[in-house]
Amino acid sequence: MRPTNASTSCARTSRSDYPSSSSELVVFTPRTLAVPAAAATLDAVPQIFQRSTNTLSRLSIFGALFAFAGALWGLAVVNRSGYATQQGVAREQPIQFSHKHHAGELGIDCRYCHTQVESAAYAGIPPTATCMNCHSQIWSDSPTLEPVRASWRAGTPLHWIKVHDLPDFVYFNHGIHVQKGVACETCHGRVDRMNQVWQETSLQMEWCLGCHRDPGPNVRPREHVFDFGWTPPGAAHAGGVAAAVAHDVQPRTDCTTCHR
Ligand code: HEC
Ligand code: HEC
Ligand code: HEC
Ligand code: HEC
Ligand code: HEC
């Protein structure tokens, strides 16, 4: 199917000199533009494909690109979704212990139960004995509290289901955050209103880094770390930045800060 008047001449002046079929084959790749001799070789290749094939192949290349981009986007969405991060999913616990009731309404301080939160890496989950401080007297017959009493009698701990769980290769420390003025609320949300605790934030690396890069707006005077619904007097950002300066806040972003 070689075009009859296929020619290597560069002297042709108008497109109409080309036979209509071969004109569609002239593709101006950098090679054909730069080296006319190469164009000649191209010209000599018999035309096998129809014009529509060009469009088709372009379409399929773009189609594949779009499909690939779409798949990546889909993955990213799933990766950030509550499904993957368990964000916003309340956990069933062995006992219907309510933070809304104990911390919010009764006003028991977080530190009464999470005793180490200011000084240690782990905030700690209270032992049954802490519950029994009150529940040996208050609601001591409540059937809801029978698992607590059973745990107390047998001396076996209650098996609370973890809500927040970073991978083992990540190092996190509560003490430093609390001391530098990052509030429980900032990372855990309105625990004082939760009947069952859920994970308020994604806990993904970009979330940690977002604050480490710009801690100012997320830091408050230390005495307000355990407050909920606290708003800084004046502009939020300025207040945070002032607290950040006062506490000499300089979070690090190098990898070994969190991966050691
Ligand atoms: C009377 C004891 C008590 C008090 C007071 C209390 N907590 Fe808790 N907290 C618990 C118990 C028990 C659990 C484990 C069961 C659960 O997740 O609900 C828990 C779990 C949590 C968790 C989820 C832990 C996980 O598994 O990831 C967070 C976050 C938390 N508490 C924050 C707070 C904050 C913030 C306060 C103060 C506003 C507070 N708690 C006050 C007893 C208490
Ligand atoms: C400082 C005292 C105090 C501590 C400590 C405490 N509670 Fe309570 N709890 C109360 C009071 C007061 C009530 C309910 C009174 C009411 O209904 O208004 C209550 C109610 C409850 C109820 C609901 C009971 C029912 O029958 O509806 C459960 C469940 C419960 N607490 C679990 C726990 C667990 C588990 C712990 C330990 C992690 C704990 N509490 C620690 C004071 C306490
Ligand atoms: C900078 C964010 C941040 C702040 C501020 C913060 N937490 Fe946490 N908290 C976390 C992360 C992340 C985890 C999960 C840790 C893990 O899986 O190793 C966690 C876990 C917990 C747990 C489960 C037990 C544990 O230590 O793993 C409790 C309870 C808890 N936090 C209570 C609190 C309380 C109370 C405060 C406020 C005094 C607070 N947290 C402040 C991020 C934070
Ligand atoms: C809302 C703000 C905020 C978030 C979110 C946050 N951090 Fe921090 N982080 C800080 C501040 C502020 C400091 C204290 C910096 C300093 O020492 O001045 C800190 C310090 C630390 C340190 C101690 C670094 C050292 O110098 O030893 C570690 C480790 C750390 N963060 C890990 C994490 C991890 C892991 C996460 C996510 C799960 C996280 N942080 C999320 C604000 C944040
Ligand atoms: C402020 C804390 C922090 C710093 C700094 C940090 N990471 Fe991470 N990194 C995390 C957390 C938290 C996770 C777990 C994320 C999750 O479970 O989704 C993580 C996960 C990862 C993972 C596992 C893949 C993933 O995305 O889940 C890799 C790889 C990683 N980090 C590499 C790095 C490197 C390289 C650096 C330095 C440029 C770095 N990290 C700095 C907190 C941090």
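Apart from neighbours within four places in sequence, Ala-90 is in contact with Gln-196 and Trp-198 in this predicted model. The C-alpha atoms of Ala-90 and Gln-196 are separated by 5.7 Å, although the two residues stand 106 residues apart along the chain. Ala-90 belongs to the loop between helix H5 (82–85) and H6. Ala-90 counts as exposed because 12 other C-beta atoms lie within 10 Å, and the limit for an exposed residue is 12 or fewer.

In total, 21 residues surround ligand 1. The closest of them are Cys-110, Cys-113, Val-163, His-164 and Cys-184. By class, the shell around ligand 1 consists of 13 nonpolar, six polar and two charged residues.

The shell around ligand 4 holds 25 residues, of which Lys-180, Cys-208, Cys-211, Asn-218 and Pro-251 come nearest. Two or more residues each are given by helix H10 (174–179), helix H11 (184–188), helix H12 (205–213) and helix H14 (255–258). With four residues, H12 gives the most to this shell. The residues around ligand 4 divide into 16 nonpolar, seven polar and two charged.

How values were computed: Residues are numbered from 1 along each chain as its sequence is written. Chains are lettered from A and ligands numbered from 1 in the order in which they are written. This is a predicted model: local features need pLDDT of at least 70, side-chain atom pairs count only at pLDDT 80 or more; totals for chains, interfaces and linings use all residues. A residue is near a molecule or strand if its C-beta atom, placed from the backbone, lies within 6 Å of it. Ala, Val, Leu, Ile, Met, Phe, Trp, Tyr, Cys and Pro count as nonpolar, Asp, Glu, Lys and Arg as charged, and the others, Gly among them, as polar. A residue is buried if 20 or more other C-beta atoms lie within 10 Å of its own, exposed if 12 or fewer, and partly exposed in between; C-beta atoms are placed from the backbone. Two residues are in contact if their C-beta atoms, placed from the backbone, lie within 7 Å.
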